[in-house]
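Open the structure in your viewer and keep the selection tool ready. We will go from stop to stop.

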Amino acid sequence: MRCSGELYPLVMNDDFHYIAAIAEYGSISQAARAMHISQPGLSQRLKRLEAQLGTTLFDRTSIPLKPTESGKIYIKYAQRFLAAEESMRREVFSVADRRRERLRIGVSAARANALLAQPIVSFYESHKGCTVELFEMSTFDHMHKLFLDAEINFAVLTPIAPDPNAYTMEVLCHERLQVIASREFRVPALSQAVGNKAFLRQLEGVPFVLPACGQYFDPLISRIIDSSNAHLDIVVRGCSAELALGLVRNGLGVSVVPSTWILGMQDLLSYELSDITSGNVLRYIRRSDHVASSEEVLFLSILRSWLKEIGAA
């Protein structure tokens, strides 16, 4: 049995970084390029580490490389070590250089515009010694990588529901599809909408802006349009959230967007799309092994209060 003194060199070197890279890329050659090391050099490091541990960490017969059961255990602790190392470095640098505290949030650009503007203002007013950094993301893989690289403290995202064993989650609000129009743009059919609900067939003959709404809503909207048999006059397709809202504000017809894109916006008319009854949820997500800072707790409290205030929660 190895003593702790013999194991110490296994931890205090770069092996964690290299093994995590091989696991991420599924390839020794790709990991070597990413880590700026030669492929033979990385292969030798892996073999030497496996010899020290007395086990193999990756199944060499699979493409891409897949970790063995021993490898999964090693990678789990390697990722924790790297996250702890990054946190340590940030805290040390913060003290040494007297840097401002930083709150790093992962969020999709489309939702950041409407969702975070007012909460950030309120957060600044109550906690001026902290910088909020936003990291754009839209997929689970991107979010997962940002967490592994310790780039973000938490994420605000939909529709992703990651592994509950690895992540802690909280539903912040429900999200539904909304028909939006400028207050100056007259749509006779919408003026007769009952209960602030609208159907796609009511939008026939009206200029229609169809933005890219993400991996969950894009196929859903396509299915709704097909099943409704509505003959929509789509004048712009695949544009960004910012452009879609700008076009509608300038009177270019109507659009269908997720409700979280227009939270708190009073300059647009909005109607719940009745062609579909299901919706989604917006989630707060953080790693289970991450302890929320006082800044994170404060920001989330402000965000929850604001969502409740505007009736979204």
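The tour starts with confidence, then walks through a sheet and some of its residues.

**Stop 1: colour by confidence.** This is a predicted model. The chain averages a pLDDT of 85. Of the residues, 91% score at least 70. Now select residues 1-12. Here the pLDDT is below 50. Beyond near neighbours in sequence, this stretch has 12 contacts in the model. Where pLDDT is low, the predicted coordinates should not be read in detail.

**Stop 2: the sheet.** Select strands β4, β3, β5, β13 and β6. In that order, the five strands form an open sheet with mixed pairing. Which strands are at the edges? They are β4 (130-136) and β6, and each pairs on one side only. Neighbouring strands of this sheet are turned by 20 degrees against each other on average, direction ignored. Strands of a sheet pair through backbone hydrogen bonds, either parallel or antiparallel. Look for both kinds as you go on.

**Stop 3: strand β5.** Select residues 154-157, which make up β5. Which way do the side chains point? Phe154 and Val156 point one way, while Ala155 and Leu157 point the other way. All four are buried. In a regular strand the side chains alternate between the two faces of the sheet.

- Strand β3 (residues 101-107) pairs with β5 in the parallel sense, over three bridges. Find Gly106, which stands opposite Ala155.
- Strand β13 pairs with β5 in the antiparallel sense, also over three bridges. Find Tyr284 in β13, opposite Val156.

**Stop 4: from β13 to β6.** Select residues 280-287 for β13 and residues 167-175 for β6. How many bridges join them? There are eight, and the two strands run antiparallel. Zoom in on Cys173. Opposite Cys173 stands Leu282 in β13.

**Stop 5: two residues of β6.** Select Glu175, which is found in β6. Is Glu175 buried or exposed? Glu175 counts as buried because its relative accessibility is 0%, and the cut-off for buried is under 20%. Show side chains here. The side chain of Glu175 makes a polar contact with the side chain of Arg111, at 2.9 Å.

Then select Met169, also placed in β6. Met169 has 30% relative accessibility, so Met169 counts as partly exposed.

Methods:
Residues are numbered from 1 along each chain as its sequence is written. This is a predicted model: local features need pLDDT of at least 70, side-chain atom pairs count only at pLDDT 80 or more; totals for chains, interfaces and linings use all residues. Side-chain values use heavy atoms; hydrogens and water are left out. pLDDT is the predictor's confidence in each residue, from 0 to 100. Contact means heavy atoms within 4.5 Å. Buried means under 20% relative accessible area, exposed over 50%, partly exposed in between (1.4 Å probe, protein chains only). A polar contact is a pair of N or O atoms within 3.5 Å; within protein, one must be able to donate a hydrogen and the other to accept it, and residues adjacent in sequence count only if both atoms are side-chain atoms. Two strands pair if DSSP finds at least two bridges between them. Axes are lines fitted to C-alpha atoms, for helices over the stretch in contact, and angles run from 0 to 180 degrees between N-to-C directions.
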